[in-house]
Amino acid sequence: MNTFRFWTLLGCFLCFIMSEVFAQQNLSTTNKKAINAYQDGLQALQERKIDEAFQQFEEAIERDNLFAEAYYQLGRLYEQNRQFGNAILNYEKSYNSNPEASVANNTLQFLGNLYMRKGEYQKAKAYLELLLPKIPPANNLTIQRIKRSIANAEFALKAVNQPLDIKPIALPNTINAFDTQYFPTLTADRETLIFTAQNYSNRDENLYVSKWIDQQWQQAHSLSELINTSQNEGTASIAADGRTLVFTACGGRNSLGSCDLFVSYREGNDWTKPANMGQAVNSGEWDSQPSLSADGRTLYFVSDRRGSIGKRDIWVSKQDSTGQWQKAQNVGNTINTSEDDLSPFIHANGQTLFFSSEGHAGMGGLDLFMSQKQGVSWTAPQNLGYPINTQDDQVALFITADGQKGYYSLEQDTGERYKKSKLVEITLPSSLQAKIQATTYLKGIVTDAKTQQKLSAELELVALNPSQTVGKFISDTQTGQYISVLNTSGEYALFVNKQGYFFKSLHFDFSQTHALDKVLNISLEPIQKDAKEILNNIFFATNQWDLQPQSATELDKLVVLLKSNPMLSVEISGHTDDVGKDADNLILSQKRAKEVMNYLINKGIPSNKIKAEGYGETKPFVPNTSDENRKLNRRIEVKFL
C-alpha cells in the first residue's frame with residue numbers, strides 16, 4: 001500500500017538522521033563559534049528538539065557561510081519536513097561550499113535522489129555521475145544502486161521526449177469521496193468497482209463498492225459489514241464474475257502474519273464471512289496486494305516471506321481440480337528484483353501481467369511494467385512509459401478486459417504530511433492496446449424455460465480447435481447471473497448443465513468477426529415429453545455428413561445425459577437451408593441425423609432409444625432471408641419422445 005511504503009521510508013529516514021548525529025568528524029570549518037552552534041544543533045537533534053536544531057545550524061552558517069556540514073544538516077531537516085525545495089537549496093550550498101567535505105558523498109546522493117523525485121533527470125544524472133567515482137570499489141552494492149539510478153535517469157530523459165497520449169480523467173466524487181483511494185478492481189462487465197479508501201482522521205482502511213447504473217457511478221459505500229472492521233482491510237481483487245473476492249486484512253482476524261489474504265464469496269447481494277486462505281497462500285510474514293485471474297483459480301500476490309529474491313516479491317498460487325489452493329511459488333527473477341516488486345495485476349486474458357517495481361529501469365521510484373506469459377516463463381518486463389509512469393510512485397493499475405481502459409490511483413503531493421490520491425481512468429494508447437490480447441465477456445441469467453425461475457447451473461467454456469476446457473463456473477444460486485471471459489480469437493462452445501434439464505450448447509466463432517452480444521440470457525428446458533433443443537456444436541463439411549472432430553465434445557455430453565436418464569427416448573432430426581434441390585437437402589439431412597445416431601449407439605446408447613429423421617428445408621428455424629439465417633437453419637435438433 002502507498003501509505004505503508006511512505007511511513008516505512010520516513011521511519012528509515014529518521015533513524016538515518018540519528019545515526020549521523022555524532023558521526024561528524026573533520027569539519028570543514030575552524031570557527032569555534034560555528035562549531036559550538038553546530039554541536040548544539042546535533043544535541044538538539046538527539047533530544048528531538050527540531051526547532052532548536054534549525055536555529056543552531058542556521059547560527060553556525062551565520063558564523064561561517066562555507067560550513068558544509070551545517071548546510072547538510074539543514075538539508076536533512078528540510079527533507080524530513082517534506083520541504084524539498086529548501087532541502088535541495090541547502091544540499092547544493094553544502095556541496096558547493098566544500099566538495100571535499102565529510103558529507104559530500106551523502107550530499108551528492110541526496111541531491112540525485114531529490115532531483116529524480118522532482119523529475120529533473122538531467123540534474124539528477126549529473127550529481128550521481130559526480131558521486132559514482134568517489135565510492136570505494138568494496139562498496140559494490142552502493143555502486144550498483146548508483147548505476148541503476150543513473151540508468152533510470154537516462155531512461156526517463158528518453159521517455160519524457162517520447163510521451164504517450166494519455167489523459168487521466170478523475171472518477172466522480174461519488175467514488176473520490178475520501179482523503180485517499182487506491183487499488184481499484186472491476187468486474188469484467190465494468191459495472192462493479194471495488195477499491196480501498198481511508199480518511200486520515202481515523203487511519204482505517206476499508207473496502208468500498210460503487211455500481212455503474214444509468215451511465216454513471218453511484219455513491220460508493222462500505223462493501224460489507226462482514227468484511228470491513230475497525231482494523232485495516234484493503235487491496236482487494238475480484239474475479240471476472242464479481243462473486244469471488246480476495247482481500248488483505250491486517251490485525252484483528254485469525255491471521256498467520258502481520259497481514260494475510262482472506263477470501264469471501266458473493267451469494268445474491270450478500271458476502272460470506274471471510275476465511276483465511278491458509279498456509280498454502282499466507283505465511284508468518286506480510287502477505288498482501290492480491291490479483292485473481294478471471295476465473296478465480298489463479299492468485300498472484302505480494303509477500304516479503306523467506307525465499308523472496310528482493311525486499312517484497314510477487315508470488316503465485318493455483319487451485320487444483322478439487323478447488324484447493326496449492327503452495328505459493330515465487331514467480332521468478334524475470335519479474336522479481338532485489339528491490340520492491342509490488343501490486344501484480346493479471347489481465348483477463350490470463351497471459352499479461354502488470355506490476356509495479358523499483359528494480360527495473362524506470363522513471364525513479366516505483367514504475368508500472370508489463371510482461372507476457374510464455375509457457376511457464378515470462379518475457380522481459382516492459383516499462384509502460386511516460387506519463388503513465390512519472391517521477392512519483394505508480395502502483396495498482398487495472399486494465400479492462402477489452403484492453404482499452406486503465407484505472408489507477410494518481411497521487412497528489414499537496415505538501416501536507418500525508419499524500420492524497422484519486423482514482424482516475426485513462427484510454428490506453430494504441431501502442432499499448434496492441435500488446436494486450438483483448439478479451440470479451442458473456443453475461444446473462446440462467447432460468448427455467450417454463451417457469452422463468454432463476455437457476456444455479458454449471459457452465460463450461462470449451463475452446464474447439466483443439467478441444468480444451470478453458471473455464472468452469474456456476475451461475476448465482478439466488479439471481480441466476482453469470483459472467484464468462486473469453487479471448488477474441490478462435491471458436492468456442494459454451495455448455496450449460498443442470499440436473500433435470502436438457503443441457504444448452506452455444507457456439508461462438510471469432511475467426512471471422514470480433515462482434516458478440518455481451519448479454520446472453522439462457523433458458524433451460526426441463527426434461528419432459530416433446531421438449532427439444534438445438535445442438536449448436538455439431539459440425540459437418542459443406543454438403544457432407546461425416547462428423548468433424550470438434551463435434552465430439554457436445555455429443556459426449558449428450559451421451560452422458562441419455563445414460564443418466566435411461567428411460568428417455570429421443571429423436572435426432574437433421575435440417576438444412578433452402579440452397580440447392582429439395583430432394584438433395586432431404587437426403588443430406590437424413591444422412592447427418594443418422595450419423596449422429598450412430599455416434600450415440602457406438603457410445604453405448606441403446607438403438608431402440610434413438611430414431612433419426614431428416615426434414616431437409618421443410619422446418620426452418622428462421623426465414624431463409626440471409627446467410628446468417630441460413631446458417632442457423634443448418635442444424636441438428638434433439639427432441640424427447
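One disulfide is counted in this predicted model, a disulfide being a pair of cysteine sulfur atoms within 2.5 Å. Cys-250 and Cys-259 form the bond, with an S to S distance of 1.9 Å. The torsion about the S-S bond is about 110°, so the disulfide is right-handed. Cys-250 is buried at 18% relative accessible area. Cys-259 is also buried, at 6%. Buried here means under 20% relative accessible area, exposed means over 50%, and partly exposed lies in between (1.4 Å probe, protein chains only).

The model is predicted, so local features need pLDDT of at least 70 and side-chain atom pairs count only at pLDDT 80 or more, while totals for chains, interfaces and linings use all residues. Residues are numbered from 1 along each chain as its sequence is written, and side-chain values use heavy atoms, with hydrogens and water left out.

Strands are DSSP E runs of at least two residues, helices are H or I runs of at least four, and both are numbered from the N terminus. Two strands pair if DSSP finds at least two bridges between them. Four bridges link β12 to β13 (residues 298–303) in the antiparallel sense. Leu-292 has Leu-299 of β13 as its bridge partner.

A second open sheet has three strands in the order β27-β24-β30, with mixed pairing. Here β27 (481–487) and β30 (522–524) stand at the edges; each has a single partner strand, so one side of each is without a neighbour in the sheet. The twist averages 35° from one strand to the next. Strand β24 (residues 439–448) and β27 run antiparallel and are joined by seven bridges. Gly-444 is bridged to Tyr-482 in β27.

Helices α10 (residues 552–564) and α11 (residues 582–602) pack at an angle of about 60°, their axes 10 Å apart. Axes are lines fitted to C-alpha atoms, for helices over the stretch in contact, and angles run from 0 to 180 degrees between N-to-C directions. This makes α10 oblique to α11. Angles under 35 degrees are roughly parallel, over 145 roughly antiparallel, 65 to 115 roughly perpendicular, and the rest oblique. The α10–α11 crossing is right-handed, the near helix being turned clockwise from the far one by less than a right angle.
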